[in-house]
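Student: I would like to go through the contacts in this model and see what each label rests on. Can we take them one at a time?

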Amino acid sequence: MDSHALTFAVSHHTILRYSEAVSPSYNEVRMRPRDRGTQRTLTFALITSPPAVPRSRVDFFGNTVHRVDIGDPHDTLAMAVETVVESALPRGRSSPAGWDPATLERDARLEYALASPRVPLGPSTAALSREWIGDDRSFDALVELSMLIPREFRYLTGATTVDSSIEDLLGGGAGVCQDFSHLFLAVARHAGWPARYVSGYLGPEGEHASTSGVSHAWVEVCGADGTWAGLDPTHGGHVGPHHLRLAVGRDYGDVAPHRGVFYGTAHASTPEVTVRVTRMSERAARTAERGAALYWQQQQQQ
Amino acid sequence: MIATPGPACPPLPVGADECVTASGAPRPAYARTLAAALGDAAMLTDMRDRAIAWFAGRGITFGVPALEGAPIIPFDPIPRVLAATEWRAIDRALAQRVMALDAFVADCYGAQRALRDGVVPARLVYSSTGYLRDLVGVRPPRATHCHVAGIDVVRVDGTFLVLEDNVRVPSGIAYALVAREATLELARDWITAAGVRSIDGYASRLRRTLERIAPRPWEARIAVLTPGPYNAAFFEHRMLADAIGGVLVSGDEIVVHEDEVYCRCASGLERVDVIYSRVNAEWLDPLLFRPESLLGPPGLVEAWRRGNVAIANAPGSGVADDKAIYPYVPAMVRYYLGEEPLIDNVPTYDISDDRQRRHVVAHLDRMVIKPVDSSGGYGVTFGRLMSAAERAATAAELEAQPRGWLAQEEVALSRALCLSPNGGLEARAVDLRPFVLLDEQPWVVPGGLTRVARDTETLVVNSSQGGGSKDTWILTR
């Protein structure tokens, strides 16, 4: 095991309440951390109440999606995710090169340089892109941008909702990580960069320490060599090993942790979400690692 | 100039270039089949009146049948006649075109070769509302996507051109089938004497096409999925369901349980193997696409992805139906099939391309401007008819929203003889929508739906714009 890796235990609990019993309900859940790059998932469990056997698939963006169908009438759906994630220190910060526009036009990554449902490319963000980035095609301009946004806008929980638009942030002057990330994506895409939305968690700094209530969002920018580099437009600058990646997409709409449809006349309340991220000790991490290895071994033998 | 073809035939309007040559003489295909009938104005008027009663009696409407007084499609009793040689060319050309469209859809959800090779701009595909990225990597049964296509063909200066490709949920075949039924009922001697190819085989061909993609070919329970009785084409959905021995269902009558699809029937839940969907794919599954949609059951797309149910046309085919992508169809034919296109597009401009957009703005008076994701002729405007202020507004709109529009040169549609309201003959613009079924090989229905403009002035033939229909006769020799 990489001794420079940090290990985190994540509990992510969601409770959905309906005004009356519904049946059946169909749910798509994107809550499994990604196994790409410097991050891997050592253990993962998704337990629901009422109970269900989730089936999984991998979506267009490479995120694991669990399908949870509940057949019996229920007025509450609880989903508990317990997972242990190992995150290695990046081997030095990458500073990807910009794209030749003609090359990008024929590349699949072009998708991330275009407008998306939650990141429309309108005149207001075009003006900001000219003002903040102008003709600077370097990645440094984007690092600057990630530090500029938290200076220009106030981080204020409750200033916006999960459905708020970029215009709401520009008009109100305050928002949360989701709004900052959407604004970053719009400005970067106007400047011709493929850039995507990342949802995840921010782990605590010290050993044994834990943070609660933190679902986080940031962005990744793709360079001409095809590598993605993470930037955090809420805290400013590069992401580190404390940024645990859950799902990526064009914008929040692609990574929403829960999407559900049910039969019935009920209305659903806003989900109650609690997140707790704990930095595990070396010893606890090794135990988890062994557990994961044992699990794999059993899987192979079956 | 007016020519008199024979003693029995009245003077023919010269502008009716479908039926008469520039000199006014009837084209051979028409001379043979129509001369006698055209001389008998009383017979034609009588046939029209009986046809109106015939359609009304069967509840054949275009519009919302659930509402009172939905209009029947105006039916013109004079058929459109195409010679066997003319048809052979169209048949081969449309078969080729649909093969290319199908290959393109497969490519969009596969390796995206054409995008990497710059044949079709990736930008247009990735920004298309018909491109359902969540379906990339899914290979539908028999790797076929566009099982049913309706290609709109117009004749300009004697040459057939494609005006539009419809591969989402093309409608209109039922109107072609009932137009033929009406002709057989009201003028059997006439059509028998002319020697016209039958279109009866459509329903059994459609059934075979759908059976072939069933997950278990030995049992193929087919459901026709309709948006419901408020849909303009509901009559067609009901008629096709009957004709292919399928069950007609709306979204709330099918459910998905553990990735299998069932329909609620009188006898309880019955498994469904194939869905012939008349619902746009973006509305098929609220779990994946539009959460507010009730037109399809949640979980349907996952059932399809796992191969437990077949859906025609395959979800995602709409990417080939995007009007902004249409200009590139001839290039698709060359790229995927390695053949020269046997039928060309109406001259068309991609507004997203700066050079082409400038050309369109500079020649706006010659252009027809269409919204890319609308159908039924809604939102179509003619530059020729715009005021200076409207032209400036259009130019600004094209500049601001290039992805939203398509420009085509205004072309003079060929005109066919029609019975005028006062019982005389007049020339009205027509197009033709032949239907193509993609089974192992493409099959083009001999004929299809001929749509005629509302009056001699109108150039739009859409049923939603008051257009009518006529029977289409493909001669056997």
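**Chain and domain contacts**

Student: Why is the meeting of Arg133(B) and Glu111(A) called a salt bridge?

Tutor: The model is predicted. In it, the side chains of Arg133(B) and Glu111(A) come to 2.4 Å, N to O. The cut-off is 4 Å between a side-chain nitrogen of Lys or Arg and a carboxyl oxygen of Asp or Glu, so the pair qualifies. The rule finds 6 salt bridges across the interface of chain B and chain A.

Student: Which elements of chain B give two or more residues to the side that touches chain A?

Tutor: They are α4 (113-116), α5 (122-126), β6 (254-257) and α10 (300-305) of chain B. By class, that side of chain B holds 15 nonpolar, 3 polar and 11 charged residues.

Student: How much area is buried between chain B and chain A?

Tutor: About 2100 Å², with 50% from carbon and sulfur atoms. In chain B, Tyr126(B), Arg133(B) and Leu287(B) lose the most area to chain A, together 31% of what that side buries.

Student: Which strand gives the largest share of the domain 1 side?

Tutor: β15(A), with 5 residues of the side that touches domain 2 of chain A.

How values were computed: Residues are numbered from 1 along each chain as its sequence is written. Chains are lettered from A and ligands numbered from 1 in the order in which they are written. This is a predicted model: local features need pLDDT of at least 70, side-chain atom pairs count only at pLDDT 80 or more; totals for chains, interfaces and linings use all residues. Side-chain values use heavy atoms; hydrogens and water are left out. Buried area is the accessible area (1.4 Å probe) that two parts lose on being put together, summed over both. Helices (H or I, at least four residues) and strands (E, at least two) are DSSP runs, numbered from the N terminus. Ala, Val, Leu, Ile, Met, Phe, Trp, Tyr, Cys and Pro count as nonpolar, Asp, Glu, Lys and Arg as charged, and the others, Gly among them, as polar.
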